[in-house]
Amino acid sequence: MHIAIAGYGSAGQAASLLLARDGHRVEVFERVAAPGPVGAGFLLQPTGMGVLLELELLDAALQLGAPVRRLFGDLPNGRRIMDMRYAELQPDLCGLGMQRGALFQLLHAARSTATQLHFDAPVQSVEPELGRLTTADGRQHGPFDLVIAADGSGSQLRDALGPQRLNRPYPWGALWCLLPAGDWPYADELRQRYRGARRMIGLLPVGRRGADPSPHLSFFWSLPTSDFDAWRERGMDTWRSELAELWPEAREVFDGLPADPADLARASYRDAVLKRWHHGRLCAIGDAAHAMSPQLGQGVNMALLDALALRDALRAEPKIEAALPRYAAERRAHVSSYQLWSRWLTPLFQSDHDAIARLRDLLFLPLSRLPGSRGQSLSVLSGIQQGLFGRRRINPGLLQHLERHQR
Ligand SMILES: Cc1cc2nc3c(=O)[nH]c(=O)nc-3n(C[C@H](O)[C@H](O)[C@H](O)COP(=O)(O)OP(=O)(O)OC[C@H]3O[C@@H](n4cnc5c(N)ncnc54)[C@H](O)[C@@H]3O)c2cc1C
(Lines give C-alpha, C1' and ligand atoms only; values in the text may rest on other atoms or scores of the structure.)
Protein backbone atom coordinates (compact mmCIF):
# COMPACT_ATOMS: atom_id res chain seq x y z
CA MET A 1 0.00 0.00 0.00
CA HIS A 2 0.94 3.63 -0.40
CA ILE A 3 0.65 5.10 3.11
CA ALA A 4 0.95 8.68 4.39
CA ILE A 5 1.74 9.41 8.03
CA ALA A 6 1.16 12.89 9.46
CA GLY A 7 3.55 13.43 12.39
CA TYR A 8 6.96 12.01 13.25
CA GLY A 9 6.66 11.61 17.05
CA SER A 10 6.87 8.19 18.70
CA ALA A 11 3.62 7.02 17.06
CA GLY A 12 4.56 8.19 13.55
CA GLN A 13 8.13 6.91 13.83
CA ALA A 14 7.08 3.44 15.01
CA ALA A 15 4.32 3.19 12.40
CA SER A 16 6.63 4.22 9.57
CA LEU A 17 9.20 1.65 10.63
CA LEU A 18 6.76 -1.24 11.07
CA LEU A 19 4.84 -0.54 7.87
CA ALA A 20 7.92 0.01 5.71
CA ARG A 21 9.32 -3.29 6.99
CA ASP A 22 6.13 -4.98 5.74
CA GLY A 23 6.83 -3.64 2.26
CA HIS A 24 4.40 -0.70 2.25
CA ARG A 25 5.47 2.53 0.50
CA VAL A 26 5.51 5.09 3.30
CA GLU A 27 5.64 8.90 3.17
CA VAL A 28 5.89 10.92 6.38
CA PHE A 29 4.76 14.56 6.64
CA GLU A 30 6.10 16.32 9.72
CA ARG A 31 5.26 19.88 10.74
CA VAL A 32 8.67 20.98 12.04
CA ALA A 33 11.77 21.46 9.90
CA ALA A 34 14.17 19.62 12.20
CA PRO A 35 12.21 17.01 14.17
CA GLY A 36 13.59 15.82 17.46
CA PRO A 37 12.53 15.07 20.98
CA VAL A 38 10.31 17.52 22.85
CA GLY A 39 10.63 17.46 26.63
CA ALA A 40 12.93 15.42 28.84
CA GLY A 41 12.38 11.74 29.57
CA PHE A 42 9.67 9.15 29.94
CA LEU A 43 8.97 5.75 31.43
CA LEU A 44 8.74 2.89 28.98
CA GLN A 45 6.47 0.18 30.35
CA PRO A 46 6.61 -3.57 29.69
CA THR A 47 3.99 -2.96 26.97
CA GLY A 48 6.19 -0.47 25.09
CA MET A 49 9.28 -2.62 25.61
CA GLY A 50 7.40 -5.49 23.96
CA VAL A 51 6.99 -3.35 20.82
CA LEU A 52 10.70 -2.44 20.82
CA LEU A 53 11.43 -6.16 21.04
CA GLU A 54 9.29 -6.67 17.95
CA LEU A 55 11.27 -3.89 16.24
CA GLU A 56 14.55 -5.56 17.32
CA LEU A 57 15.50 -2.38 19.17
CA LEU A 58 15.03 -3.55 22.75
CA ASP A 59 18.66 -4.46 23.43
CA ALA A 60 19.81 -1.04 22.20
CA ALA A 61 17.14 0.64 24.38
CA LEU A 62 18.25 -1.36 27.42
CA GLN A 63 21.84 -0.24 26.82
CA LEU A 64 20.77 3.42 26.89
CA GLY A 65 17.92 3.55 29.39
CA ALA A 66 17.73 3.01 33.14
CA PRO A 67 15.76 0.03 34.49
CA VAL A 68 13.11 1.32 36.91
CA ARG A 69 12.01 -1.26 39.47
CA ARG A 70 10.06 0.79 41.98
CA LEU A 71 7.47 3.58 41.78
CA PHE A 72 7.57 5.60 44.97
CA GLY A 73 5.95 8.83 46.16
CA ASP A 74 5.92 10.51 49.57
CA LEU A 75 5.19 13.74 51.43
CA PRO A 76 7.78 16.10 52.95
CA ASN A 77 7.01 14.57 56.40
CA GLY A 78 8.07 11.14 55.08
CA ARG A 79 4.56 9.67 54.78
CA ARG A 80 4.46 7.21 51.90
CA ILE A 81 1.66 7.63 49.36
CA MET A 82 2.70 5.24 46.60
CA ASP A 83 5.07 2.31 46.76
CA MET A 84 5.01 -0.38 44.08
CA ARG A 85 7.56 -2.73 42.64
CA TYR A 86 7.26 -4.29 39.19
CA ALA A 87 8.70 -7.53 40.61
CA GLU A 88 5.48 -8.02 42.57
CA LEU A 89 3.84 -8.72 39.20
CA GLN A 90 6.63 -10.87 37.76
CA PRO A 91 10.21 -11.39 38.96
CA ASP A 92 12.64 -9.57 36.61
CA LEU A 93 9.90 -7.23 35.34
CA CYS A 94 10.78 -3.52 35.30
CA GLY A 95 10.07 -0.28 33.47
CA LEU A 96 12.76 1.54 31.49
CA GLY A 97 13.41 5.26 31.97
CA MET A 98 14.67 6.78 28.72
CA GLN A 99 15.62 10.19 27.41
CA ARG A 100 13.25 11.28 24.67
CA GLY A 101 16.20 11.96 22.41
CA ALA A 102 17.50 8.41 22.90
CA LEU A 103 14.24 6.83 21.69
CA PHE A 104 13.93 9.35 18.87
CA GLN A 105 17.43 8.54 17.62
CA LEU A 106 16.93 4.77 17.94
CA LEU A 107 13.77 4.84 15.84
CA HIS A 108 15.16 7.38 13.37
CA ALA A 109 18.39 5.43 12.81
CA ALA A 110 16.38 2.26 12.15
CA ARG A 111 14.09 3.90 9.55
CA SER A 112 13.88 2.38 6.10
CA THR A 113 15.79 4.32 3.46
CA ALA A 114 12.81 3.80 1.17
CA THR A 115 10.59 5.90 3.47
CA GLN A 116 10.17 9.44 2.19
CA LEU A 117 10.43 12.02 4.97
CA HIS A 118 8.93 15.45 4.27
CA PHE A 119 9.96 17.82 7.05
CA ASP A 120 8.64 21.37 7.46
CA ALA A 121 5.46 19.99 5.89
CA PRO A 122 2.48 20.60 8.21
CA VAL A 123 -0.59 18.72 7.06
CA GLN A 124 -3.46 21.15 6.98
CA SER A 125 -6.34 18.94 5.94
CA VAL A 126 -7.23 15.42 4.92
CA GLU A 127 -9.97 14.11 2.64
CA PRO A 128 -10.70 10.77 4.32
CA GLU A 129 -12.82 9.31 1.52
CA LEU A 130 -10.25 10.05 -1.17
CA GLY A 131 -7.11 9.46 0.92
CA ARG A 132 -5.69 12.85 -0.07
CA LEU A 133 -3.98 15.42 2.11
CA THR A 134 -3.01 19.06 1.72
CA THR A 135 0.09 20.58 3.30
CA ALA A 136 0.34 24.19 4.54
CA ASP A 137 2.03 25.29 1.32
CA GLY A 138 -1.22 24.44 -0.49
CA ARG A 139 0.16 21.34 -2.23
CA GLN A 140 -2.05 18.27 -2.51
CA HIS A 141 -0.58 14.82 -1.95
CA GLY A 142 -2.05 11.41 -2.75
CA PRO A 143 -4.34 9.69 -3.21
CA PHE A 144 -2.98 7.29 -0.61
CA ASP A 145 -4.45 3.91 0.30
CA LEU A 146 -4.21 4.95 3.94
CA VAL A 147 -3.56 8.22 5.78
CA ILE A 148 -2.46 7.92 9.42
CA ALA A 149 -3.02 10.89 11.74
CA ALA A 150 -0.12 10.74 14.22
CA ASP A 151 -0.05 14.47 14.89
CA GLY A 152 -0.13 14.35 18.67
CA SER A 153 -2.44 15.59 21.40
CA GLY A 154 -3.24 18.90 19.69
CA SER A 155 -4.16 17.01 16.48
CA GLN A 156 -5.89 19.11 13.83
CA LEU A 157 -6.61 16.02 11.77
CA ARG A 158 -8.80 14.19 14.28
CA ASP A 159 -11.66 16.54 13.33
CA ALA A 160 -11.84 14.70 10.01
CA LEU A 161 -12.88 11.58 11.95
CA GLY A 162 -16.14 13.22 12.96
CA PRO A 163 -17.54 14.46 16.28
CA GLN A 164 -15.59 13.56 19.42
CA ARG A 165 -16.79 12.42 22.83
CA LEU A 166 -14.33 14.71 24.59
CA ASN A 167 -11.60 17.13 23.56
CA ARG A 168 -10.50 19.63 26.17
CA PRO A 169 -7.25 20.96 27.61
CA TYR A 170 -6.38 19.98 31.17
CA PRO A 171 -5.89 23.07 33.38
CA TRP A 172 -2.64 21.76 34.87
CA GLY A 173 0.62 21.10 33.04
CA ALA A 174 4.30 20.76 33.90
CA LEU A 175 7.81 22.08 33.51
CA TRP A 176 10.43 19.47 32.74
CA CYS A 177 14.08 19.05 31.85
CA LEU A 178 16.99 16.64 32.14
CA LEU A 179 19.37 16.91 35.10
CA PRO A 180 22.67 15.10 35.77
CA ALA A 181 21.99 12.22 38.18
CA GLY A 182 25.21 12.85 40.15
CA ASP A 183 25.09 10.82 43.38
CA TRP A 184 21.29 10.51 43.48
CA PRO A 185 20.86 7.24 45.40
CA TYR A 186 17.61 6.01 43.78
CA ALA A 187 19.08 4.87 40.47
CA ASP A 188 16.26 2.41 39.72
CA GLU A 189 13.24 4.19 41.20
CA LEU A 190 10.77 6.77 39.98
CA ARG A 191 10.56 9.10 42.99
CA GLN A 192 7.85 11.68 43.49
CA ARG A 193 7.30 14.23 46.26
CA TYR A 194 3.88 15.75 46.85
CA ARG A 195 2.31 18.49 48.94
CA GLY A 196 -1.44 18.40 48.60
CA ALA A 197 -2.47 18.16 44.97
CA ARG A 198 -0.92 21.53 44.14
CA ARG A 199 2.72 20.54 44.41
CA MET A 200 4.39 17.57 42.79
CA ILE A 201 8.01 16.98 41.87
CA GLY A 202 9.17 13.91 39.95
CA LEU A 203 12.65 12.49 39.42
CA LEU A 204 12.90 9.60 36.98
CA PRO A 205 16.24 7.94 36.09
CA VAL A 206 16.49 8.01 32.28
CA GLY A 207 20.00 6.73 31.58
CA ARG A 208 22.11 8.21 28.86
CA ARG A 209 21.95 9.27 25.25
CA GLY A 210 24.37 9.01 22.32
CA ALA A 211 27.99 9.75 23.13
CA ASP A 212 27.29 11.28 26.57
CA PRO A 213 27.88 8.41 29.05
CA SER A 214 26.62 10.28 32.14
CA PRO A 215 23.29 9.13 33.60
CA HIS A 216 20.50 11.68 33.81
CA LEU A 217 17.22 12.19 35.61
CA SER A 218 14.06 13.54 34.09
CA PHE A 219 12.78 16.33 36.34
CA PHE A 220 9.07 17.19 36.47
CA TRP A 221 7.37 20.12 38.26
CA SER A 222 3.60 20.38 38.21
CA LEU A 223 1.79 23.70 37.86
CA PRO A 224 -1.36 25.13 36.28
CA THR A 225 -0.76 26.20 32.68
CA SER A 226 -2.23 29.62 33.54
CA ASP A 227 0.66 30.03 36.03
CA PHE A 228 3.56 29.47 33.59
CA ASP A 229 4.28 33.19 33.15
CA ALA A 230 3.80 34.09 36.81
CA TRP A 231 6.24 31.27 37.74
CA ARG A 232 8.82 32.76 35.41
CA GLU A 233 8.33 36.24 36.87
CA ARG A 234 8.69 35.01 40.45
CA GLY A 235 12.30 34.14 39.53
CA MET A 236 14.48 31.05 39.80
CA ASP A 237 15.78 31.82 43.33
CA THR A 238 12.31 31.80 44.87
CA TRP A 239 11.55 28.56 43.06
CA ARG A 240 14.81 26.87 44.07
CA SER A 241 14.09 27.71 47.74
CA GLU A 242 10.65 26.17 47.41
CA LEU A 243 12.08 23.02 45.82
CA ALA A 244 14.73 22.65 48.52
CA GLU A 245 12.14 23.12 51.26
CA LEU A 246 9.83 20.51 49.72
CA TRP A 247 12.55 17.98 49.03
CA PRO A 248 15.79 18.74 50.94
CA GLU A 249 17.30 15.31 50.05
CA ALA A 250 17.24 16.27 46.36
CA ARG A 251 18.94 19.66 46.85
CA GLU A 252 22.13 18.59 45.03
CA VAL A 253 20.14 17.37 42.03
CA PHE A 254 18.28 20.68 41.90
CA ASP A 255 21.67 22.48 41.74
CA GLY A 256 21.78 21.20 38.14
CA LEU A 257 18.65 23.15 37.15
CA PRO A 258 19.27 25.66 34.37
CA ALA A 259 19.78 29.31 35.28
CA ASP A 260 17.45 30.44 32.52
CA PRO A 261 13.77 29.50 32.98
CA ALA A 262 13.45 29.33 29.19
CA ASP A 263 15.56 26.14 29.32
CA LEU A 264 12.73 24.25 31.02
CA ALA A 265 10.22 22.78 28.57
CA ARG A 266 6.56 23.58 29.23
CA ALA A 267 4.04 20.77 28.84
CA SER A 268 0.29 21.04 28.65
CA TYR A 269 -2.10 18.12 28.34
CA ARG A 270 -5.45 17.41 26.80
CA ASP A 271 -8.14 14.77 27.24
CA ALA A 272 -9.36 13.54 23.87
CA VAL A 273 -11.79 10.67 23.47
CA LEU A 274 -12.81 9.81 19.91
CA LYS A 275 -16.11 8.32 18.84
CA ARG A 276 -14.49 6.93 15.70
CA TRP A 277 -10.83 6.00 15.31
CA HIS A 278 -11.11 5.73 11.55
CA HIS A 279 -13.16 7.07 8.71
CA GLY A 280 -12.73 6.27 5.03
CA ARG A 281 -8.99 5.86 4.48
CA LEU A 282 -8.00 7.87 7.55
CA CYS A 283 -7.16 6.52 11.00
CA ALA A 284 -5.61 7.99 14.15
CA ILE A 285 -2.83 6.61 16.34
CA GLY A 286 -0.97 7.83 19.45
CA ASP A 287 -2.08 11.01 21.21
CA ALA A 288 -4.09 12.00 18.13
CA ALA A 289 -6.36 9.02 18.95
CA HIS A 290 -6.36 9.26 22.75
CA ALA A 291 -4.60 12.23 24.35
CA MET A 292 -4.59 12.03 28.15
CA SER A 293 -2.65 13.40 31.09
CA PRO A 294 0.75 11.74 31.57
CA GLN A 295 0.00 10.89 35.21
CA LEU A 296 0.05 7.16 34.49
CA GLY A 297 3.08 7.35 32.18
CA GLN A 298 1.48 5.44 29.29
CA GLY A 299 1.37 7.75 26.23
CA VAL A 300 4.53 6.63 24.43
CA ASN A 301 3.70 3.02 25.22
CA MET A 302 0.19 3.39 23.82
CA ALA A 303 1.59 5.07 20.72
CA LEU A 304 3.91 2.10 20.13
CA LEU A 305 1.10 -0.41 20.76
CA ASP A 306 -1.17 1.44 18.31
CA ALA A 307 1.46 1.27 15.59
CA LEU A 308 1.93 -2.46 16.15
CA ALA A 309 -1.83 -3.14 16.22
CA LEU A 310 -2.28 -1.22 12.96
CA ARG A 311 0.48 -3.22 11.29
CA ASP A 312 -1.06 -6.48 12.49
CA ALA A 313 -4.53 -5.46 11.30
CA LEU A 314 -3.13 -4.66 7.85
CA ARG A 315 -1.43 -8.06 7.80
CA ALA A 316 -4.65 -9.84 8.73
CA GLU A 317 -7.01 -7.87 6.47
CA PRO A 318 -5.69 -6.82 3.10
CA LYS A 319 -8.63 -4.43 2.55
CA ILE A 320 -8.58 -1.08 4.38
CA GLU A 321 -12.35 -1.27 5.06
CA ALA A 322 -11.77 -4.39 7.17
CA ALA A 323 -8.33 -3.57 8.55
CA LEU A 324 -9.20 -0.25 10.21
CA PRO A 325 -12.16 -1.56 12.27
CA ARG A 326 -9.97 -4.48 13.30
CA TYR A 327 -7.23 -2.09 14.45
CA ALA A 328 -9.70 0.05 16.45
CA ALA A 329 -11.33 -3.00 18.04
CA GLU A 330 -7.93 -4.33 19.08
CA ARG A 331 -6.93 -1.10 20.84
CA ARG A 332 -10.20 0.17 22.34
CA ALA A 333 -10.46 -1.91 25.55
CA HIS A 334 -6.90 -1.15 26.57
CA VAL A 335 -7.06 2.56 25.77
CA SER A 336 -10.48 3.19 27.31
CA SER A 337 -9.47 1.74 30.68
CA TYR A 338 -6.52 4.18 30.78
CA GLN A 339 -8.68 7.10 29.69
CA LEU A 340 -10.90 6.34 32.65
CA TRP A 341 -8.09 5.80 35.18
CA SER A 342 -6.25 8.90 34.06
CA ARG A 343 -9.35 11.12 34.38
CA TRP A 344 -9.93 9.77 37.93
CA LEU A 345 -6.35 9.83 39.13
CA THR A 346 -4.97 13.07 37.67
CA PRO A 347 -6.94 15.40 40.00
CA LEU A 348 -5.49 13.49 42.99
CA PHE A 349 -2.03 14.67 41.96
CA GLN A 350 -2.51 17.82 39.88
CA SER A 351 -5.41 20.05 40.90
CA ASP A 352 -6.63 22.64 43.41
CA HIS A 353 -8.63 20.03 45.33
CA ASP A 354 -7.05 20.05 48.79
CA ALA A 355 -9.75 17.86 50.30
CA ILE A 356 -9.19 15.18 47.64
CA ALA A 357 -5.46 15.33 48.31
CA ARG A 358 -6.04 14.80 52.05
CA LEU A 359 -8.13 11.72 51.29
CA ARG A 360 -5.39 10.52 48.92
CA ASP A 361 -2.80 10.92 51.68
CA LEU A 362 -4.92 8.85 54.03
CA LEU A 363 -6.19 6.16 51.71
CA PHE A 364 -4.07 5.75 48.57
CA LEU A 365 -1.41 3.46 50.03
CA PRO A 366 -3.69 1.35 52.28
CA LEU A 367 -6.20 0.88 49.44
CA SER A 368 -3.50 -0.12 46.99
CA ARG A 369 -2.34 -2.75 49.52
CA LEU A 370 -5.69 -4.51 49.90
CA PRO A 371 -5.73 -8.04 48.52
CA GLY A 372 -7.07 -7.83 44.96
CA SER A 373 -6.51 -4.12 44.55
CA ARG A 374 -2.71 -4.57 44.88
CA GLY A 375 -2.55 -6.62 41.69
CA GLN A 376 -4.95 -4.22 39.99
CA SER A 377 -2.86 -1.14 40.91
CA LEU A 378 0.30 -2.83 39.70
CA SER A 379 -1.21 -3.85 36.43
CA VAL A 380 -2.61 -0.32 35.84
CA LEU A 381 0.76 1.28 36.55
CA SER A 382 2.71 -1.16 34.41
CA GLY A 383 0.44 -0.61 31.42
CA ILE A 384 -1.05 -4.09 31.13
CA GLN A 385 -4.56 -3.39 32.46
CA GLN A 386 -7.17 -4.17 29.80
CA GLY A 387 -10.78 -3.22 30.43
CA LEU A 388 -11.96 -3.29 34.06
CA PHE A 389 -10.48 -6.58 35.19
CA GLY A 390 -8.51 -8.01 32.27
CA ARG A 391 -4.77 -7.97 31.66
CA ARG A 392 -2.63 -7.94 28.56
CA ARG A 393 -0.21 -10.82 28.38
CA ILE A 394 3.42 -9.88 29.02
CA ASN A 395 5.52 -11.04 26.10
CA PRO A 396 7.54 -14.06 27.40
CA GLY A 397 10.39 -13.00 25.08
CA LEU A 398 10.51 -9.69 26.95
CA LEU A 399 10.94 -11.42 30.31
CA GLN A 400 13.80 -13.50 28.90
CA HIS A 401 15.50 -10.34 27.59
CA LEU A 402 15.13 -8.56 30.93
CA GLU A 403 16.47 -11.55 32.81
CA ARG A 404 19.49 -11.73 30.49
CA HIS A 405 20.08 -8.00 30.77
CA GLN A 406 20.11 -8.16 34.56
CA ARG A 407 22.76 -10.85 34.66
C1 LIG B 1 5.32 15.95 31.07
C2 LIG B 1 5.01 14.68 30.30
C3 LIG B 1 5.48 13.47 30.77
C4 LIG B 1 5.19 12.29 30.07
N5 LIG B 1 5.67 11.10 30.55
C6 LIG B 1 5.39 9.97 29.92
C7 LIG B 1 5.91 8.72 30.38
O8 LIG B 1 6.61 8.64 31.40
N9 LIG B 1 5.61 7.59 29.67
C10 LIG B 1 4.84 7.64 28.55
O11 LIG B 1 4.61 6.59 27.94
N12 LIG B 1 4.33 8.79 28.08
C13 LIG B 1 4.58 9.96 28.73
N14 LIG B 1 4.08 11.13 28.26
C15 LIG B 1 3.14 11.11 27.12
C16 LIG B 1 3.88 11.01 25.80
O17 LIG B 1 4.85 12.04 25.71
C18 LIG B 1 2.93 11.14 24.62
O19 LIG B 1 1.79 10.35 24.85
C20 LIG B 1 3.62 10.67 23.33
O21 LIG B 1 4.73 11.50 23.07
C22 LIG B 1 2.64 10.72 22.15
O23 LIG B 1 3.33 10.44 20.97
P24 LIG B 1 2.71 10.88 19.57
O25 LIG B 1 3.68 10.44 18.54
O26 LIG B 1 1.30 10.44 19.50
O27 LIG B 1 2.65 12.47 19.65
P28 LIG B 1 3.84 13.52 19.64
O29 LIG B 1 5.03 12.96 20.30
O30 LIG B 1 3.26 14.78 20.17
O31 LIG B 1 4.21 13.69 18.09
C32 LIG B 1 3.35 14.35 17.20
C33 LIG B 1 4.19 14.82 16.02
O34 LIG B 1 3.30 15.35 15.04
C35 LIG B 1 3.83 16.58 14.56
N36 LIG B 1 2.68 17.35 14.05
C37 LIG B 1 1.75 18.05 14.75
N38 LIG B 1 0.84 18.59 13.94
C39 LIG B 1 1.18 18.24 12.69
C40 LIG B 1 0.62 18.47 11.41
N41 LIG B 1 -0.49 19.21 11.24
N42 LIG B 1 1.24 17.96 10.31
C43 LIG B 1 2.38 17.21 10.44
N44 LIG B 1 2.96 16.96 11.64
C45 LIG B 1 2.36 17.45 12.74
C46 LIG B 1 4.53 17.19 15.76
O47 LIG B 1 5.48 18.16 15.36
C48 LIG B 1 5.16 15.95 16.38
O49 LIG B 1 6.41 15.66 15.81
C50 LIG B 1 4.38 12.33 28.91
C51 LIG B 1 3.93 13.55 28.43
C52 LIG B 1 4.23 14.72 29.11
C53 LIG B 1 3.72 16.03 28.58
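Which residues in α1 are buried? The close-up views below, all drawn from a predicted model, take up this question first and then turn to other parts of the structure.

**View 1. Helix α1 and the elements that cover it.** In α1, the buried residues are Ser10, Ala11, Gly12, Gln13, Ala14, Ala15, Ser16, Leu17, Leu18 and Leu19, so that 10 of the 12 residues of this helix are buried and α1 counts as mostly covered. The cover over these buried residues comes from several elements, including β1, β2 (25–29) and β12 among the strands and α2 (46–54), α4 (100–109) and α9 among the helices. At 1.5 Å a residue, the 12 residues of α1 should span 16 Å, and the end C-alpha atoms of α1 lie 17 Å apart, which agrees. Just after α1, the backbone of Gly23 takes a positive phi of about 90°.

View 2. Helix α9 (299–316) is mostly covered, with 14 of its 18 residues buried. The largest nonpolar core holds 113 residues, of which Ala6, Ala14, Ala15, Ile148, Ile285 and Ala307 touch the most other members. To this core α9 gives the most, with 10 residues. In soluble globular proteins, nonpolar side chains tend to be buried together. Leaving out residues up to four places away in sequence, Ala307 touches Ala11, Ala14, Ala15, Leu18 and Ile285; among these, Ala11, Ala14, Ala15 and Leu18 are buried residues in α1.

**View 3. Strand β12 between its two partners.** Strand β12, made up of residues 146–149, is covered on both faces, with Leu146 and Ile148 buried on one side and Val147 and Ala149 buried on the other. Strand β1 (residues 2–6) runs parallel to β12 and is joined to it by 4 bridges, and here Ile3 stands opposite Leu146. Strand β19 (residues 282–284) also pairs with β12 in the parallel sense, over 3 bridges, and in this pairing Ile148 stands opposite Cys283. Ile148 is also one of the residues that touch the most other members of the largest nonpolar core.

**View 4. The shell around the ligand.** The ligand is surrounded by 36 residues, the closest of which are Gly7, Gly9, Gly152, Gly286 and Gly299. Helices α1 (10–21), α8 (287–290) and α9 (299–316), together with strands β3 (41–44), β13 (164–180) and β17 (265–274), each supply at least two residues of this shell. The element that gives the most is α9, with 4 residues. Sorted by class, the shell has 20 nonpolar, 12 polar and 4 charged residues.

**View 5. Strand β7 and its antiparallel neighbours.** Strand β7 (residues 95–99) has 5 of its 5 residues buried, and both of its faces are covered, with Gly95, Gly97 and Gln99 on one side and Leu96 and Met98 on the other. Strand β3 is joined to β7 by 4 bridges and runs antiparallel to it, with Phe42 standing opposite Met98. Strand β4 (residues 66–68) also runs antiparallel to β7, to which 3 bridges join it, and the bridge partner of Ala66 in β7 is Gly97.

**View 6. An open sheet of three strands.** In this sheet, 3 strands follow one another in the order β9-β10-β11, with antiparallel pairing. The edge strands are β9 (123–127) and β11 (140–141), each of which pairs on one side only. Between β9 and strand β10 (residues 132–135) there are 4 bridges, and Ser125 stands opposite Thr134 in β10.

**View 7. Pro224 in strand β16.** Pro224 lies in strand β16, which takes in residues 212–224. This residue is partly exposed, because 17 other C-beta atoms lie within 10 Å, a count that falls between the limits of 12 or fewer for exposed and 20 or more for buried. Apart from neighbours within four places in sequence, Pro224 is in contact with Pro171 and Trp172. The C-alpha atoms of Pro224 and Glu56, which are 168 residues apart along the chain, are separated by 39 Å.

Conventions. Residues numbered from 1 in each chain as written. Predicted model: local features only at pLDDT ≥ 70, side-chain atom pairs only at ≥ 80, totals over all residues. Pairing = 2+ DSSP bridges. Near = placed C-beta within 6 Å. Nonpolar A, V, L, I, M, F, W, Y, C, P; charged D, E, K, R; others polar. Core = buried A, V, L, I, M, F, W, Y, C linked by C-beta atoms within 7 Å. Contact = placed C-beta atoms within 7 Å. Expected span 1.5 Å × (residues − 1).
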